[in-house]
Amino acid sequence: MPLRDMDREQMWLLPPTLDELLPPDHPARFVAEFVDALDRQDWAEMGVDPEGDPLGAPAYHPRALLSVWLYGFMTNVRSCRKLEAACRDQIPFLWLTGWQHPDHNTLWRFYRDHRQAMRSLFKRTVRTAMVMDLVDLAVQAVDGTKVIANASKDRDYTPDQLERLLARVERAIEDLEAQNEEGEDAPPARLPEQLADQKALRERVRQAMEEQASRQRPPSRYGGRNRINLTDWDAKLVKTRQGTMPGYNAQAMVSPIASDGDTTGMLMTAVDVVDQTNDAGQLTPMMEQAEAVTGVRTPMTLADAGYFGGGHLEASRRRGQQVAMPDTARPLDDPYHKDQFSYDEDSDSYICPNGERLPFVGARKHQGSPVRIYRVASASVCLDCPAFGVCTREYRLGRSLQIGPYDRALRNHREWMST
């Protein structure tokens with residue numbers, strides 16, 4: 001077949017407009033719509049004067065700089081130098097800037113001066129996407145990732161280690177002070193650098209010990225505060241791909257972006273950074289934050305087993321939300337798991353798979369949570385049962401059940417997940 005002519009020096013007879021170079025449904029247009037909709041008060045909250053200064057050389061318009069950063073975050077281009085290059089050779093960035101080419105220093109100064117205020121734009125971007133019918137809030141998914149702190153693992157200390165470190169620092173200070181006091185020379189007007197460093201370290205250690213004491217709390221299912229990092233007091237030891245390091249747990253809730261009936265990506269509807277080492281306590285707070293940001297209570301939430309907990313399931317049930325979340329702790333092949341015992345509300349008792357009744361016998365605390373105890377009337381009932389040794393091996397009291405405050409929510413969830 002014949003080949004088309006190709007000429008890299010070909011000229012346009014009628015030059016196109018800048019707007020013709022970008023498809024009508026391109027995501028960059030959403031960024032432009034959002035930035036153009038900001039009013040004077042919004043710019044003032046970010047500390048930006050959208051009118052500029054009448055004196056001096058013309059500066060880049062803040063609408064262009066903000067658009068570059070927002071679209072860069074959307075497309076995973078976050079380096080100032082990469083953004084500078086994109087403003088030279090990528091059509092979406094050229095369109096957003098009006099074919100202007102801000103350099104990396106200009107982009108960095110804008111971000112440095114306004115990055116804290118730009119955080120407030122998160123909620124507004126989500127609401128704008130919802131007004132434009134871009135977000136499908138029928139379902140949302142949550143997950144977390146570990147972020148390494150800018151602190152060394154070697155700077156992590158327990159209370160006992162802090163005591164020993166303080167003792168070593170005190171001895172080092174005494175030795176240095178003794179060295180400076182020897183001889184007939186007058187003491188120096190300024191502390192020697194080494195002595196000043198040791199005194200500064202002593203002060204940091206004492207502050208860390210006070211901070212650790214104020215944060216100490218009884219052990220819980222999430223662990224007490226028994227270590228502190230001298231560089232970053234808020235960081236905890238977390239498991240990462242690089243090993244156990246001081247860090248944080250970053251959380252994100254996302255919902256699908258819909259365009260013409262097709263899913264084209266995900267939009268974050270809630271974000272948070274916590275110092276918990278796992279995800280166990282984060283599901284309900286993230287669901288509540290997503291509802292506060294979007295104004296919509298999403299009917300279905302997806303989460304992995306790291307978020308599993310009866311408290312989350314009970315809170316979701318009260319809120320009328322369903323959570324699809326695996327429970328890896330339950331032995332699925334156990335025919336005598338307590339889920340196989342049916343509850344009789346009239347007599348407040350449970351019926352075992354073989355028809356024996358377990359009435360309520362009392363309540364107590366288990367790992368800090370209240371539980372209700374149900375037990376067979378006599379141990380001989382279990383001893384005579386063919387399931388003895390499989391259902392229970394307790395020959396003195398017989399089979400018992402510990403029913404926690406979220407047992408019904410857990411049971412309903414397992415039944416639903418099995419469908």
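Among contacts in the protein between residues at least 6 apart in sequence, 60% link residues at least 24 apart. The model under discussion is predicted. Its 419 residues include 36% that count as buried, and its secondary structure comes to 13 helices and 13 strands.

In soluble globular proteins, nonpolar side chains tend to be buried together. Here the largest nonpolar core has 29 residues, and within that core Met46 and Leu66 touch the most other members. Two or more residues each are given to this core by α1 (27-36), α3 (62-74), α4 (80-89), α5 (91-97) and α6 (104-118). Helix α3 provides the largest share, six residues. Leaving aside residues up to four places away in sequence, Met46 is in contact with Leu38, Leu66, His114, Ala117, Met118 and Leu121. Apart from this core lies another, made of 15 residues, with Val142, Met253, Ala303 and Leu313 among them.

A pair of aromatic rings is described by the distance of the centres and the angle of the planes. The whole structure holds eight aromatic pairs. In one of them, the rings of Trp69 and Phe73 have centres 5.9 Å apart and planes at 35°, so this pair is classed as tilted. Both residues belong to helix α3, where Trp69 and Phe73 are four residues apart, about one turn of the helix. Elsewhere, a ring meets a charge: the charged end of Arg372 sits over the ring of Phe360, 3.9 Å from the ring centre.

Attention now turns to the strands. Strands of a sheet pair through backbone hydrogen bonds, either parallel or antiparallel. In this model, five strands form an open sheet in the order β9-β10-β11-β12-β13, and the pairing is antiparallel. Strands β9 and β13 are the edges, each pairing on one side only. On average, neighbouring strands of the sheet are turned by 35° against each other, direction ignored. At one end of the order, β9 and β10 run antiparallel and are joined by three bridges. Tyr343 stands opposite Tyr350 of β10.

Helix α13 (residues 407-417) brings several parts of the chain together. Its residues Asp407, Ala409, Leu410, Arg411, His413 and Arg414 are buried. The cover over the buried residues of this helix includes β9 (342-344), β10 (349-351) and β13 (400-403), along with α11 (310-319) and β8 (322-324).

Most residues other than glycine have a negative phi, and most peptide bonds are trans. Trp99, however, has a positive phi, near 65°. This residue lies in the loop between α5 and α6, and with a relative accessible area of 45%, Trp99 is partly exposed. Asp348 likewise has a positive phi, near 50°, and is placed in the loop between β9 and β10.

Key
Residues numbered from 1 in each chain as written. Predicted model: local features only at pLDDT ≥ 70, side-chain atom pairs only at ≥ 80, totals over all residues. Heavy atoms only, no water. Buried < 20%, exposed > 50% of the residue type's maximum accessible area, 1.4 Å probe, protein only. Contact = heavy atoms within 4.5 Å. Pairing = 2+ DSSP bridges. Axes fitted to C-alpha atoms, helices over the stretch in contact; angles between N-to-C directions. Core = buried A, V, L, I, M, F, W, Y, C linked by side-chain atoms within 4.5 Å. Phe/Tyr/Trp six-rings, centres within 6.5 Å; stacked < 30°, edge-to-face > 60°. Lys NZ or Arg CZ within 6 Å of the ring centre and 35° of its normal.
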